[in-house]
Amino acid sequence: MTAYSIVYAPLDQATRTEQVVERLSNAIISGILQADEQLPNENELSRLLGVSPVTVRDALNTLRARQLIDTRRGRHGGSFVCQVSVEAMRKYHPLRRMASGELADFSEFHCAVIGHSARLAAQRSTPDELRKLEQLIDSFAVATQPDTRIQTDMRCLLTLASQSQSARLANQELEIQAEWTPLMALLYREATVHNEVVAVWRTLLAALYEGDDLTCYQLAQKMIIQITDHLLERKLRMDTDVPFLPRSDRE
């Protein structure tokens, strides 16, 4: 791909409404937003997502049509997450809807951001900052529920990016996590994947304490690559109609 082909590539045609639908749909399908959980009201969603109330209303209507949320009337009414069927999980799961090439490209971008963050963190982090990261890694290591594993791992990644002392890298990692988190929800039901990522975090932490920036760069990228390999394998199973597993930890 040349520089010109990148500059003149077609622009993203997705509307704001489609982006809100995708964000919330991914969170519901992946289990980040769980059955019977109430969504913020339209005005609050509008404020949080930085879009107009009309956009939020249109997006919620689409989610209702997909039977991902329902509306309850009354004093304690509002929009609530539905119990998602296996068929809906298969149809709307973000991993199934993402092309393999798109996933690989996204992974390469994440590798670049987190790899460079780790390299700078090795150069710039203080011992106190590294101890905070170590505490997060310890919490990640003992987590048994998929949701907790996701939350603590994302905090580890964001903390690593922030310890690069680069606001741009930290903000970029935060943006990446909006797409990365729903994908990870599928993997962290499995203890083997969780243990594998914990092992890389432990090794990376040791390199950070030693200030070995090149090793940190390589290990951070290795972690994202390993995760991507697992995601590609899961995607292949989805695309070939291997039975989709319900939301449960397969330990």
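I began with the domain assignment, which comes from an automatic or database source and gives domain 1 (16–92) and domain 2 (97–240). I am working on a predicted model, in which local features need pLDDT of at least 70 and side-chain atom pairs count only at pLDDT 80 or more, while totals for chains, interfaces and linings use all residues. Residues are numbered from 1 along each chain as its sequence is written, and side-chain values use heavy atoms, with hydrogens and water left out.

**Between the domains**

I looked up the separation of the centres of domain 1 and domain 2, taken over C-alpha atoms, and noted 27 Å. Counting a contact as heavy atoms within 4.5 Å, I found ten residues of domain 1 in contact with seven residues of domain 2. The buried area, meaning the accessible area (1.4 Å probe) that two parts lose on being put together, summed over both, is about 690 Å² for this pair of domains, and carbon and sulfur atoms give 51% of it.

**Salt bridges**

I took a salt bridge as a side-chain nitrogen of Lys or Arg within 4 Å of a carboxyl oxygen of Asp or Glu. The whole structure holds ten of them, but the interface of domain 1 and domain 2 has zero. One that I noted joins Arg 47 to Glu 44, with 2.6 Å between the closest N and O atoms; both residues lie in helix α3, three residues apart, about one turn of the helix. Helices here are DSSP runs (H or I, at least four residues), numbered from the N terminus.

**The largest pocket**

A pocket is an open set of points on a 1 Å grid over the protein atoms alone, where a 1.4 Å probe fits, with protein on both sides within 12 Å along at least five of seven lines; its lining residues have an atom within 4 Å of a point. For the largest one I recorded a volume (the space filled by probe spheres set on the points) of about 1,400 Å³. Of its 40 lining residues, Gln 19, Glu 22, Arg 23, Ala 178 and Glu 179 are the closest to the centre. Helix α2 gives the largest share of the lining, eleven residues. Because domain 1 and domain 2 both give residues to the lining, the largest pocket lies between them.

**Arg 97**

I placed Arg 97 in helix α6. Leaving aside residues up to four places away in sequence, Arg 97 touches Arg 66, Lys 91 and Tyr 92.

Key. Helices (H or I, at least four residues) and strands (E, at least two) are DSSP runs, numbered from the N terminus.
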